[in-house]
Amino acid sequence: MKKTIEPAATPAAYDPEALYAKAERYIQQMSELDKDNWDYALWSSLALEFLARAALANVSPVLLAETDKASWSSLYFSLGFTPKENKFIPRSIAIGEVFKRIEEIIDDFVDEHVKFGVRHTGMRNAELHSGEPAFDGVKGSTWQPRFYRTCEVLLESMGMTLADFVGDDEAKVARKLIDAANDEGAKAVKGDIEKHKALWDALDAGEREKLAGQAALLATRHAGHRVSCPACTSQALVHGDPISDPTRKFSEDEITETQEYLPNQFECTACRLKISGLSRLAVAGVSDRYKKTQVYDPAEFYAPADDWPDYEEDNNER
């Protein structure tokens with residue numbers, strides 16, 4: 001049988017490569033922001049939507065086309081044909097429906113990914129189409145592990161990896177976050193927190209105030225990142241390892257160096273609670289990334305290294 005009508009190329013509105021390119025554009029914009037900023041989460045929701053649309057279109061572009069009883073023009077257009085409908089505008093299905101269809105098609109894309117995708121993009125809609133600051137105050141640790149795992153499944157369906165999408169360095173961090181979130185044994189830390197909370201509550205008010213004051217003072221004097229203790233709410237510290245190269249900003253009088261860290265240790269000197277491991281920190285709610293900032297005088301920063309670091313200066317007169 002001879003074909004007499006040949007379709008053109010898939011239009012960009014339904015083309016998986018065009019949709020993926022837009023997801024990449026948004027993820028690159030996201031990567032330039034601080035991880036706990038509201039706009040970091042906003043760009044992530046945009047990247048997730050277009051990544052999901054790309055994954056569905058990669059199965060078939062027609063799966064994205066909106067169809068109803070009144071018109072099948074979008075379906076026809078997605079196949080590479082030009083509809084004759086007056087004032088035609090291609091229409092795609094809602095993002096919630098995209099996630100539901102992917103669940104039916106991709107075995108590894110399960111209900112928890114659907115729920116996260118719908119919620120995350122729903123917050124985006126609230127941010128963009130209402131007066132609600134939907135992403136304000138939302139800690140990265142509450143959504144980043146699920147975001148990366150959802151992205152990972154979508155990417156795998158297209159033969160790609162997280163490293164292809166977010167780069168090698170961020171992919172390594174993402175893997176740590178995903179693994180920590182999946183560590184069921186880490187939930188045992190809740191018992192440690194409750195035990196320390198009970199001991200703290202058993203102290204008299206004067207003693208609690210004294211210990212909290214001492215903890216606040218120590219937290220300002222020691223290296224680390226200040227957080228609120230999940231057991232007693234006093235100021236405590238987390239420590240971690242660097243996960244990015246340092247970035248430097250130069251001004252006439254100083255050099256500011258900033259480096260991002262992922263915590264792996266927590267200690268509260270007020271109630272004596274200690275927690276080790278990212279997965280346990282995640283359960284305790286103190287696993288967010290943090291930045292360490294140091295300010296240098298240019299002369300100090302560019303000073304040559306000491307060739308004799310183990311020798312003290314000899315100030316004895318002879």
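Salt bridges with shared partners tie E260 into one network with K35, E170 and R289, a salt bridge being a side-chain nitrogen of Lys or Arg within 4 Å of a carboxyl oxygen of Asp or Glu. The model is a predicted one, in which local features need pLDDT of at least 70 and side-chain atom pairs count only at pLDDT 80 or more, while totals for chains, interfaces and linings use all residues. Residues are numbered from 1 along each chain as its sequence is written, and side-chain values use heavy atoms, with hydrogens and water left out.

Helices (H or I, at least four residues) and strands (E, at least two) are DSSP runs numbered from the N terminus.

In the whole structure, 17 salt bridges are found. One of them joins E49 to R124, with 2.6 Å between the closest N and O atoms. Here too distant parts of the chain are linked, E49 sitting in helix α2 (residues 38–59) and R124 in helix α5, 75 residues apart; both residues are buried.

A further salt bridge pairs D179 with R175 (3.3 Å, N to O). These two are 4 residues apart in helix α8 (residues 168–181), so about one helical turn separates them. D179 is partly exposed, at 41% relative accessibility.

Definitions and conventions
Buried < 20%, exposed > 50% of the residue type's maximum accessible area, 1.4 Å probe, protein only.
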